[in-house]
Amino acid sequence: MTFENIQVPRFVFLICVAVLCSCDDDYKTIFAESPDERVHQALNEYNSLLKDAPNGWRGMLYTGTGAGYFYYFKFNSDGKVSMISDFNEQTASEAMTGSWMLKALQKPTLTFDTYSYIHLPADPDGDVNGGGNGQGLISDFEFTFFKTSGDSVFLKGLKHNTELVLVPATVEESESILSQQI
């Protein structure tokens, strides 16, 4: 093989060959698992965490307008969630069932994917929640898992960064909430 017709000087060719030959394919990864495996593991852990609270969760939602609303959630294995809220008299006295899912976006994300009580503060119709038309009470219904501390779970809204804090409910709290003593 000759290089007489090639315009690249021979020393550039030799440098390229030297660089390619000096590459080290023996490197250590930071994590033992792939990114997909780590995300899948996190989703499984959060799924178990939400479903395995025997008495459900007490939740506090803090909107972008400064309003705060209480929620009670009971996450089920079939993708359904039962909830009660102090948003208004109806939401405080009638449990509503919606659906939820965990999905891997940039971070593991909890999505309430059917219109339910958690959507009321986020509804852009000001007549629904007393907020501004087009923005509601500046709230979310899709949340990333921000952190866990002790038995509490801290979530951040995807669109408005609203905070949702979940704390496992006790038997007494669950019974009281479900018997309309919210």
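Reader: Which residues do ring pairs link into a cluster?

Author: This is a predicted model, and a search of the whole structure finds 8 aromatic pairs in it. Some of these ring pairs join up into a cluster, whose members are Tyr-71, Phe-73, Phe-75, Trp-100, Phe-112 and Phe-143.

Reader: What kind of pair do the rings of Phe-75 and Trp-100 form?

Author: A pair of aromatic rings is described by the distance of the centres and the angle of the planes. For Phe-75 and Trp-100 the centres are 5.0 Å apart and the planes stand at 75 degrees. Since planes over 60 degrees apart count as edge-to-face, the pair of Phe-75 and Trp-100 is edge-to-face.

Reader: How many residues apart are Phe-75 and Trp-100, and which strands hold them?

Author: Phe-75 and Trp-100 are both buried, and their pair links distant parts of the chain. Phe-75 belongs to strand β2 and Trp-100 to strand β4, and the two are 25 residues apart.

Reader: Is Trp-100 buried or exposed?

Author: Trp-100, found in strand β4, touches residues that include Asn-47, Leu-50, Gly-79, Leu-110 and Asp-113. Its relative accessible area is 7%, and the cut-off for a buried residue is under 20%, so Trp-100 is buried.

Reader: How far apart in space are Trp-100 and Asn-76?

Author: Asn-76 is one of the residues that Trp-100 touches, although the two are 24 residues apart in sequence. From C-alpha to C-alpha, the distance between Trp-100 and Asn-76 is 9.0 Å.

Reader: What is the angle between the ring planes of Phe-112 and Phe-143?

Author: Phe-112 in strand β5 and Phe-143 in strand β6 are 31 residues apart, and their pair links distant parts of the chain. Phe-112 counts as buried at 0% relative accessibility, and Phe-143 is buried with a relative accessible area of 0%. The ring centres of Phe-112 and Phe-143 are 6.4 Å apart, and the pair is edge-to-face because the planes stand at 80 degrees.

Reader: Which members of the largest nonpolar core touch the most other members?

Author: In soluble globular proteins, nonpolar side chains tend to be buried together. In this model the largest nonpolar core has 28 residues. One of its members, Phe-75, touches residues that include Leu-50, Trp-57, Val-81, Leu-110 and Phe-112. The members of this core that touch the most others are Leu-50, Phe-73, Phe-75, Leu-110 and Phe-112.

Reader: Which strands do the buried residues of α2 pack against?

Author: The protein has 5 helices and 8 strands, and from the N terminus on its elements run α-α-β-β-β-α-β-β-α-β-β-β-α. The buried residues of α2, one of which is Leu-50, pack against β1, β2, β4, β5, β6 and β8.

Reader: Over which ring does the charged end of Lys-147 sit?

Author: A charge counts as sitting over a ring when, besides lying close enough to the ring normal in angle, it is within 6 Å of the ring centre. Lys-156 lies over the face of Phe-146, at 5.4 Å from the ring centre. The charged end of Lys-147 is 5.1 Å from the centre of the ring over which it sits, that of Phe-154.

Reader: Where is Ile-138, and is it buried or partly exposed?

Author: Ile-138 is not a glycine, yet it has a positive phi of about 55 degrees. The loop between α4 and β6 is the place of Ile-138. With a relative accessible area of 23%, Ile-138 is partly exposed.

Reader: Is Asn-161 buried or exposed?

Author: Asn-161, found in the loop between β7 and β8, also has a positive phi, of about 60 degrees, although it is not a glycine. Its relative accessibility is 52%, and the cut-off for an exposed residue is over 50%, so Asn-161 counts as exposed.

Technical notes
Residues numbered from 1 in each chain as written. Predicted model: local features only at pLDDT ≥ 70, side-chain atom pairs only at ≥ 80, totals over all residues. Heavy atoms only, no water. Buried < 20%, exposed > 50% of the residue type's maximum accessible area, 1.4 Å probe, protein only. Helix = DSSP H or I, 4+ residues; strand = E, 2+ residues; numbered from the N terminus. Contact = heavy atoms within 4.5 Å. Core = buried A, V, L, I, M, F, W, Y, C linked by side-chain atoms within 4.5 Å. Phe/Tyr/Trp six-rings, centres within 6.5 Å; stacked < 30°, edge-to-face > 60°. Lys NZ or Arg CZ within 6 Å of the ring centre and 35° of its normal. Lists of a residue's contacts leave out its neighbours within four places in sequence.
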